[in-house]
Amino acid sequence: MALIYKHIKAHHQWHRQAAAALDQQRLARDGGMPAQRGGPESAGAADADSAASVHGPGPPARGGADVLAGARPDGHAAKAAEAVRREPAARVARERVSRTPVIEVRGLRKSYGSIEAVAGVDLEVCAGEVFAFLGPNGAGKTTTVEILEGYRQRTAGHVSVLGADPAKAGRAWRARIGVVLQEAEPEAELTAGECLSMYAGYYGRPRPVAQTLDLVGLAGQRATRCGQMSGGQRRRLDVALALIGDPELIFLDEPTTGFDPAARQSAWAVIAGLRDLGKTIFLTTHYMEEAEELADRIAVLAAGQIVAQGSPATLGGRDTEASVISFTLPPGVPVTDLPPAVAARVTRTAGGHVEVEATSAGPLLAELGGWAEAHHLDLLDLQVHRHTLEDIYLQLTRESR
Ligand code: ATP
């Protein structure tokens with residue numbers, strides 16, 4: 001986690017640099033005095049690189065006067081946004097995941113002294129895929145993600161992200177990646193539109209500002225100062241900042257932690273929108289329903305190793321795991337009265353409550369229903385439970401917790 005804070009600190013430094021550049025533009029435009037702010041800071045080369053990489057390709061590639069020129073006229077943006085909206089969603093969804101690997105990891109290891117945080121990870125993420133990376137605290141998720149983002153050196157293994165080794169890749173590579181950290185702090189004095197315009201200037205082919213605001217549901221907040229935005233709006237702005245360079249690959253680090261249920265639903269809609277645009281998304285989350293809602297594939301990491309990979313429906317054999325039929329017997333009816341096929345599969349009884357394990361629930365339900373009808377019995381609370389993703393996740397990670 002420590003490196004995250006370094007990113008954020010570096011990110012803030014870069015924000016201040018960028019804000020100072022914006023002041024210079026305002027000065028040139030208005031003929032006034034620049035606001036009192038820390039000027040461009042002399043961050044070390046590595047820090048400057050990290051800082052810019054949080055949302056973009058690097059420190060300003062162009063001079064201050066070009067910064068606002070990065071934003072396209074609103075008319076173009078509106079047309080582009082309309083084109084995005086009109087794209088047939090079903091076709092995009094069907095065709096969006098290709099077989100082209102965007103991330104390839106083989107035998108990845110990372111040690112911090114005697115701690116082996118990542119202990120031989122293999123994974124592959126294809127273009128257009130939403131890949132969820134799950135695991136308990138300390139499993140090694142952040143370490144892995146930071147290696148993929150090029151922020152952390154690995155101890156061993158092969159890593160390729162967008163065809164390059166992140167440890168050696170340069171600015172052009174970084175421009176193809178968007179990162180949304182758990183916490184970030186856009187410059188409070190700037191409006192959302194100014195903030196995005198400023199970042200847009202650092203990319204060769206930025207996404208239009210209006211379209212980007214529209215994508216994250218902030219079209220109405222273009223003129224709102226970042227410092228006056230709600231927590232949820234700021235988080236959306238973070239996503240917008242990661243999208244302004246129109247990246248191919250987006251890393252989302254616990255994007256909805258701390259959100260209320262409504263804000264989480266709207267964040268999911270934003271992420272689903274990115275998925276439908278064909279972006280490749282690498283998502284870390286502790287929320288199973290988030291992974292289930294958004295992910296094409298899930299990998300579960302425990303103690304530095306991947307313990308299961310699969311779709312939300314098949315992870316850890318979820319699709320073949322037995323279901324549980326549960327019901328409450330009427331008073332005075334013993335479990336031994338149940339039909340033999342059902343009684344043989346009873347796994348738990350408590351008072352009149354009965355649980356039956358069923359690899360194929362249909363025939364057992366038919367047997368049970370026929371028996372209840374023949375004896376004029378009402379089976380209260382009759383239910384069939386399938387293992388939830390959370391049940392499977394807890395089984396998979398039990399030993400490492
Ligand atoms: P969380 O869900 O809590 O964010 P995580 O899965 O992201 O956890 P990591 O942050 O990658 O896990 O940490 C994996 C292991 O490496 C932990 O034991 C952690 O204490 C250790 N670790 C992480 N960063 C460092 C570091 N800079 N120096 C030493 N040990 C570290």
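These legends describe close-up views of a predicted model. Residues are numbered from 1 along each chain as its sequence is written. Because the model is predicted, local features need pLDDT of at least 70, side-chain atom pairs count only at pLDDT 80 or more, and totals for chains, interfaces and linings use all residues.

**View 1. The shell around the ligand.** The ligand is surrounded by 13 residues, counted when a C-beta atom, placed from the backbone, lies within 6 Å of it. Tyr112, Ala117, Asn137, Thr142 and Thr143 are the closest. Strand E2 (115-126) and helix H6 (141-149) each supply at least two shell residues. H6 gives the most, with three. Helices (H or I, at least four residues) and strands (E, at least two) are DSSP runs, numbered from the N terminus.

**View 2. The open sheet.** Three strands run in the order E2-E1-E4, with antiparallel pairing; strands pair if DSSP finds at least two bridges between them. E2 and E4 (156-161) stand at the edges with a single partner strand each, so one side of each has no neighbour in the sheet. E1 (residues 101-112) and E4 pair over five bridges. Val105 stands opposite Val159 in E4.

**View 3. Helix H8.** Eight of the nine residues of H8 (residues 192-200) are buried, so the helix is largely enclosed by the rest of the structure. Buried means 20 or more other C-beta atoms within 10 Å of a residue's own, exposed 12 or fewer, and partly exposed in between, with C-beta atoms placed from the backbone. Among the buried residues are Glu194, Cys195 and Tyr199.
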